[in-house]
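Here is a friendly walk through one protein model, written for someone who likes to think in side chains. Keep the viewer open as you read.

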Amino acid sequence: MSQSPREKSRKKAKIMKELITELDAIRSLKLFNTSHALRYLSELKLEGELWKEVTQALKKIALMPTEDKSFPKIRRIDSISDILFMVSFAGMIGALVLLLLNLEPVVSYLVLLLTLIVLNISYFMKFYVSMRLRNIYLSRSQEIEAYNDLLRKAIDNLVSRLRGEIKKAGIEAKEVEFKLHNGDYTGLVVVEKKGGVYKLKFK
């Protein structure tokens, strides 16, 4: 079943708003994973030199950890964490099956306990990986900040496009609210600031 023009505009507006939030978080060093932003750009099929530059910048940011000498170790730990998670998941299912069938209850509880331990180790390793990646990005924060003007320009452009899409979707501009880490965007006005987060609306 095909979507109506209004439904298409609503969907497009939602993606634009998500992209604005992602780019703002990257700009303010609150987010380093650029995969969602790149996917949104691909879905929106935005054309022009600006979007080519933004895409290139996001790809460069995404590749920063791979250029660090510790990356092979980080990737290895991440792979081990994935394996441990799968092992713990399989062990947990096996233990629960044994418990349901009332077979070897002592062994079942022991296996269940071991799988929980393995699962926690997996989570700890994932946490370690995320912290190491964050530290790599923060150590190269000046390189990311060099894209500040580009990302702000991109967000200003998206704000203008979004206003047009919500109009097509039959949504009142005053109903749309943004929660961003920066409040210096053309077309938006700050209505509240709390805990370093700006609440903004269309001018």
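What follows covers the sheet, the aromatic rings and the salt bridges of this predicted model.

## The sheet and the helix across it

Let's begin with the strands. Three of them make an open sheet in the order β1-β3-β2, and the pairing is antiparallel. At the edges are β1 and β2 (188-194), each of which pairs on one side only. From one strand to the next, the twist averages 30 degrees.

Between β1 and β3 there are 4 bridges, in the antiparallel sense. If you want a landmark, find lysine 179, which stands opposite lysine 199 in β3. Then look for helix α7 (residues 148-168): this helix lies across β1, β2 and β3 and runs at about 50 degrees to β3.

## Two aromatic pairs

A pair of aromatic rings is described by the distance of the centres and the angle of the planes. How many aromatic pairs does the structure hold? There are 2. Phenylalanine 32 and tyrosine 137 form a stacked one, with 4.8 Å centre to centre and 5 degrees between the planes. This pair links distant parts of the chain, as phenylalanine 32 sits in the loop between α1 (5-27) and α2 (35-44), while tyrosine 137 belongs to helix α5 (residues 105-139), 105 residues apart. Both phenylalanine 32 and tyrosine 137 are buried.

The other pair is made by phenylalanine 178 and phenylalanine 202. Their ring centres are 5.4 Å apart and their planes stand at 80 degrees, so the pair is edge-to-face; the cut-off for that label is over 60 degrees. Here too, distant parts of the chain are linked: phenylalanine 178 is in strand β1 (residues 177-180) and phenylalanine 202 is in strand β3 (residues 197-202), 24 residues apart. Phenylalanine 178 has 1% relative accessibility and counts as buried. Phenylalanine 202 is also buried, at a relative accessible area of 9%. Phenylalanine 178 has a charged neighbour as well: lysine 17 lies over the face of its ring, 5.4 Å from the ring centre.

Side chains of opposite charge can pair when their charged atoms come close. Across the whole structure, a search finds 11 salt bridges. One of them joins arginine 27 to aspartate 184, with the closest N and O atoms 2.7 Å apart. The partners come from distant parts of the chain: arginine 27 is in helix α1 and aspartate 184 is in the loop between β1 and β2, 157 residues apart. Is arginine 27 buried or exposed? Arginine 27 is buried, because its relative accessible area of 8% falls under the 20% cut-off. Aspartate 184, at 35% relative accessibility, counts as partly exposed.

Arginine 152 forms a salt bridge with aspartate 149, where the closest N and O atoms are 3.5 Å apart. These two are 3 residues apart in helix α7, so about one helical turn separates them. Arginine 152 is partly exposed, at 29% relative accessibility. Stepping back, Arg27, Asp149, Arg152 and Asp184 are linked in a network of salt bridges.

Lysine 168 and glutamate 165 form a salt bridge too, their closest N and O atoms being 3.7 Å apart. Both lie in helix α7, 3 residues apart, about one turn of the helix.

Conventions. Residues numbered from 1 in each chain as written. Predicted model: local features only at pLDDT ≥ 70, side-chain atom pairs only at ≥ 80, totals over all residues. Heavy atoms only, no water. Phe/Tyr/Trp six-rings, centres within 6.5 Å; stacked < 30°, edge-to-face > 60°. Buried < 20%, exposed > 50% of the residue type's maximum accessible area, 1.4 Å probe, protein only. Lys NZ or Arg CZ within 6 Å of the ring centre and 35° of its normal. Pairing = 2+ DSSP bridges. Axes fitted to C-alpha atoms, helices over the stretch in contact; angles between N-to-C directions. Contact = heavy atoms within 4.5 Å. Salt bridge = Lys/Arg side-chain N within 4 Å of Asp/Glu carboxyl O.
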